[in-house]
Amino acid sequence: MKIAVVIARILLGLVFLVFGSNNFFHFMPNQPIPGDAGVLADVLFRHGWFTFHGVLEVVAGVLLLIGRYVPVALVLLGPILVNILMFHLTLAAGILPGLICTLLEVFLIYAYWPAFEGIFTSDGRRVS
């Protein structure tokens, strides 16, 4: 289990470090996106949303790669993965990479469950 956690952490960290860095350095060429997906992507790009996502992705990717504050990285990536999945489910094709990253995220949340336990208590008290 320990080896699987390290592999999942490194894979997810690399994915978000590379794709988050691409928002700044543009080392992977992007094809124009057709239809409504392209319109949304253009608006998000022009108004700085991709830069904001890029910062969060790079920070989370680095935290996952160094193995420190992993629960914080997973919390940062949760909403980003929801956006990725919803974008691909509703506007664009190619759900598989987002689905794989989501499965890695869920696996890591399971592996680091004690860090997340307190969020799911009904009385709001800290779990020991």
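Tutor: Welcome! Two residues are in contact when heavy atoms of theirs lie within 4.5 Å, and helices are DSSP runs (H or I, at least four residues), numbered from the N terminus. This is a predicted model, where local features need pLDDT of at least 70 and side-chain atom pairs count only at pLDDT 80 or more, while totals for chains, interfaces and linings use all residues. Residues are numbered from 1 along each chain as its sequence is written, and side-chain values use heavy atoms, with hydrogens and water left out.

Student: Which residues of α4 and α5 meet?

Tutor: From α4 come L74, L77, G78, L81, I84 and L85, and they meet G98, L99, C101, T102, E105, L108 and I109 of α5. By class, that contact has 9 nonpolar, 3 polar and 1 charged residues. Here Ala, Val, Leu, Ile, Met, Phe, Trp, Tyr, Cys and Pro are nonpolar, Asp, Glu, Lys and Arg are charged, and the others, Gly among them, are polar.

Student: At what angle do α4 and α5 pack?

Tutor: Two packed helices are described by the angle between their axes and the distance between the axes. Axes are lines fitted to C-alpha atoms, for helices over the stretch in contact, with angles from 0 to 180 degrees between N-to-C directions. Helix α4 (residues 70-90) packs on α5 at about 150°, and the axes are 10 Å apart. The two helices are therefore roughly antiparallel (over 145 degrees; under 35 is roughly parallel, 65 to 115 roughly perpendicular, the rest oblique). Their crossing is left-handed, meaning that the near helix is turned anticlockwise from the far one by less than a right angle; clockwise would be right-handed.

Student: How do α1 and α5 pack?

Tutor: Helix α1 (residues 2-25) and helix α5 (residues 96-111) also have axes 10 Å apart, at an angle of about 135°. That makes α1 oblique to α5. The crossing of α1 past α5 is left-handed. On the α1 side, the contact uses A4, V5, A8, R9, L11, L12, V15 and F16; on the α5 side, C101, L104, E105, F107, L108 and A111. By class, this contact has 12 nonpolar, no polar and 2 charged residues.

Student: Which residues touch the most other members of the largest nonpolar core?

Tutor: A nonpolar core is a set of buried Ala, Val, Leu, Ile, Met, Phe, Trp, Tyr and Cys residues joined through side-chain atoms within 4.5 Å. Buried means under 20% relative accessible area, exposed over 50%, partly exposed in between (1.4 Å probe, protein chains only). The largest core has 17 residues, and L12, F16, L64, L74, L77 and L108 touch the most other members. At least two core residues come from each of α1, α3 (49-66), α4 and α5, with α4 giving the largest share, 6 residues. Leaving aside residues up to four places away in sequence, L108 touches V5, A8, R9, L12, L64 and L74.

Student: Is S21 buried or exposed?

Tutor: S21, in helix α1, is buried at 15% relative accessible area. Not counting residues up to four places away in sequence, S21 touches F16, H26, F27 and V58.

Student: Where is H26?

Tutor: H26 lies in the loop between α1 and α2. H26 is partly exposed, at 49%, and has a positive phi of about 50° although it is not a glycine. Y69 also is not a glycine, yet has a positive phi of about 55°. You will find Y69 in the loop between α3 and α4, where it counts as exposed at 61% relative accessibility.
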